[in-house]
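Here is a short tour of the fold and of the ligand site. Please keep the structure open while you read.

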Amino acid sequence: MSDQARQLRSKVSMKQTKTIAIVSGKGGVGKTNVAVNLAIALSLQQKRVLIVDLDIGMANVGVVLGESARRSLMDCVKERTPLSAAITEVSNQLHFIHGGSGFTELVSFSEDDMTFMMSEMRFFYEYDFVLLDLGAGANDHTFDFISSADEAWLIVTPEPTSIMDGYAFVKLANRHANDLPIAVLVNRAVNGEEATETFERLELVSTKFLEQSLRFIGFLPDDPVVTRAVKAQQPFYLFDRNSDVSWRLDRITTTLTGVPIQERNFLDRLVSRFKRRTSSTR
Ligand SMILES: Nc1ncnc2c1ncn2[C@@H]1O[C@H](COP(=O)(O)OP(=O)(O)OP(=O)(O)O)[C@@H](O)[C@H]1O
Ligand SMILES: [Mg+2]
């Protein structure tokens, strides 16, 4: 860990961290692109941001950032190496870390592994924002992480299948963690009207059948700049700051920095969920 990171640690207090789980029902709707570019935009607003890559898919955070990850969280836990050794410092303000294969399942974790990990994970609180990039389709294991976050950001596109799969996520969240606030970001919309309609369709069924309210975050347009940036292995926000999609992301980022922080914190919730699960499987 650099001197810079060490200084950060001494400066910050736990309550400041906001943890957002970026989720979707259907795969390939833009989670990783949202996570990475939002992280960059926040870091450029002088926020300290950690992206945690909990997806083991191909187009992961490292690829979109154009950086290769170092050790994984999983490696560090097994080797008893401080988790800070797994952090890649993209800039002073922006760091990322990846879970490693099988991390969210935690199946090979002993109680000692868990204790080590939980005490080490306290460095999460060095950041203003911790963004969890998850794979598509939540399960019991990923829900330990998702429901411990302050908020889940559900990414949907206007396609009917994406809305349906988004609803499936809301249903699952409602069952696993009905106190988890869910916010919806519509990606790849043609315009604001289409985005609003998409959100309203999802909100209608969620309130009607689940009594689950949803918050509308905003939308990102379908923009060829994203594909060009992905091909160039650059985040779109840096690739073309003046593009439509970057401008929309700016608006989302600005509203986010004003979002109040909740009192309960991420690790407390994660620990209690692990405990509940391990005691039910013994
Ligand atoms: N706003 C957008 N405009 C145009 N293309 C987009 C946009 N958002 C995403 N894409 C395209 O969709 C692809 C998938 O995006 P991304 O990898 O972020 O999805 P994901 O939800 O993380 O996928 P996975 O579920 O596989 O992890 C991108 O490579 C890009 O080509
Ligand atoms: Mg992804």
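Two strands count as paired if DSSP finds at least two bridges between them. Strands (E, at least two residues) and helices (H or I, at least four) are DSSP runs, numbered from the N terminus. This is a predicted model, in which local features need pLDDT of at least 70 and side-chain atom pairs count only at pLDDT 80 or more, while totals for chains, interfaces and linings use all residues. Residues are numbered from 1 along each chain as its sequence is written, and chains are lettered from A and ligands numbered from 1 in the order in which they are written.

Let us start with the sheet. Its eight strands are ordered β3-β4-β2-β5-β1-β6-β7-β8, forming an open sheet with mixed pairing. Because β3 (88-89) and β8 (215-221) each have a single partner strand, one side of each is left without a neighbour in the sheet. Strands β6 and β7 run parallel and are joined by five bridges; leucine 154 stands opposite valine 184 in β7.

| Helix | Strands crossed, among them | Angle |

Now to the ligand. Ligand 1 is surrounded by 22 residues (C-beta atom, placed from the backbone, within 6 Å), and Gly27, Gly30, Lys31, Thr32 and Asn33 are the closest. Helix α2, strand β7 and helix α9 (224-231) each supply at least two residues of this shell.
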